[in-house]
Amino acid sequence: MTAPGAGPLAGRRLVVPVTAERRAFAEQLEAEGAAVDAVELIAIAPPEDPAALAEATLAWLDGAYDWMTVTSRNAVIAMDRIARSHGRALGEPQPGARVATVGEATRGVCASVGLTVDLVPTSRADARGIVAEMPEGTGRVLAPLGNLASPVLARGLARKGWAVDAVEAYRTVDGPGIDDAVVAAVAAGEVDAILLTSGSVAERVAAACPVVGPGTRIVAIGRTTEASARAAGLRVDAVATEPSYGGIRAALDAAIDAQEPEENA
């Protein structure tokens, strides 16, 4: 655990999920003064069938699809890696092809590899939102997904007439997990908040921390993560309105603000 410093989160102890590749958000919270327990609950692994993803990526680059639907940054990163290994760029111009993403965070990842995003759902920032706002059509849609993705996207778009190629782009697997000292601190109420950044993280927190102290706030990055957390037996105290690090940071502030009157009562 990092030592607390000065800043808006000074004196707060937070459990923050990270992966080996992604620690920037935890570092941001540390810079704001929080004492952060960075926990690797999950890891991102290559797909079970890398050849299938390579074939789909090259087909996208060759203009075989009318749409690509992006629900995770990990899928974009995996496809971009394949494109670059072939001396190409994932954002090569695709006349007539369009991209849909679940929210502004995934739009940003797409932009970073040169993909122009044509649809970001306004109704809800998840696969159901894409299904609701995608037009009907008869063309081909590429859906690069994680191994734990639900069939909602592919089934919903197929009902609208699209021919959907769902391909596994990455796998979510177990990380090292939460150490015993952090589990004990959570049970004792010594942690101000636990941040849940995905349904997979929520499930692993629930399994590792059967007891969560009443003073510990649980903050979810979006409604899908909230649903997974509640299904796993966790209470949820705050939910981000936008499924992004900025969104969960704002939800953390709301949770802390709600906690302070109780602390001062």
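Trainee: Why is Asp 80 called buried?
Mentor: Asp 80 has a relative accessible area of 13%. Buried means under 20%, exposed over 50% and partly exposed in between, worked out with a 1.4 Å probe on protein chains only. At 13%, then, Asp 80 is buried. Keep in mind that this is a predicted model, where local features need pLDDT of at least 70, side-chain atom pairs count only at pLDDT 80 or more, and totals for chains, interfaces and linings use all residues. Residues are numbered from 1 along each chain as its sequence is written, and side-chain values use heavy atoms, with hydrogens and water left out.

Trainee: Which residues is Asp 80 in contact with, leaving aside neighbours within four places in sequence?
Mentor: Leu 90 and Val 113. Contact here means heavy atoms within 4.5 Å. Asp 80 sits in helix α3, and its C-alpha is 8.4 Å from that of Thr 57, 23 residues away in sequence.

Trainee: Which residues of α2 are buried, and what covers them?
Mentor: The buried ones are Leu 53, Ala 54, Ala 56, Thr 57, Ala 59, Trp 60 and Leu 61. Their cover includes β3, α3, β4 (98–101), β5 (140–146) and β6. An α-helix has 3.6 residues a turn, so residues three or four places apart point the same way.

Trainee: What makes a group of residues a nonpolar core, and which members touch the most others in the largest one?
Mentor: A nonpolar core is a set of buried Ala, Val, Leu, Ile, Met, Phe, Trp, Tyr and Cys residues joined through side-chain atoms within 4.5 Å. The largest has 28 residues, and Trp 60, Leu 90, Leu 115 and Leu 142 touch the most other members. At least two residues of this core come from each of α2, β3 (67–70), α3 (73–85), α4 (104–112) and β6 (163–177). Apart from it lies another core of 23 residues, among them Leu 41, Ile 42, Ala 202 and Leu 234.

Trainee: How many disulfides are there, and what would count as one?
Mentor: There are zero. A disulfide needs a pair of cysteine sulfur atoms within 2.5 Å. Cys 110 has a relative accessible area of 0%, so it counts as buried, and Cys 209, at 3%, is buried too.

Trainee: Why is the pair of Phe 25 and Tyr 245 given the name it has?
Mentor: This structure holds one aromatic pair. Rings of Phe, Tyr and Trp (its six-membered ring) pair if their centres lie within 6.5 Å; planes under 30 degrees apart count as stacked, over 60 as edge-to-face and the rest as tilted. For Phe 25 and Tyr 245 the centres are 4.6 Å apart and the planes at 15°, so the pair is stacked. Phe 25 is in α1 (residues 24–31) and Tyr 245 in α10 (residues 245–264), so the pair ties together parts 220 residues apart in sequence. Phe 25 is buried at 6%, while Tyr 245 is partly exposed at 32%.

Trainee: How do you know whether Arg 204 is buried or exposed?
Mentor: Its relative accessible area is 18%, so Arg 204 counts as buried.

Terms used:
Helix = DSSP H or I, 4+ residues; strand = E, 2+ residues; numbered from the N terminus.
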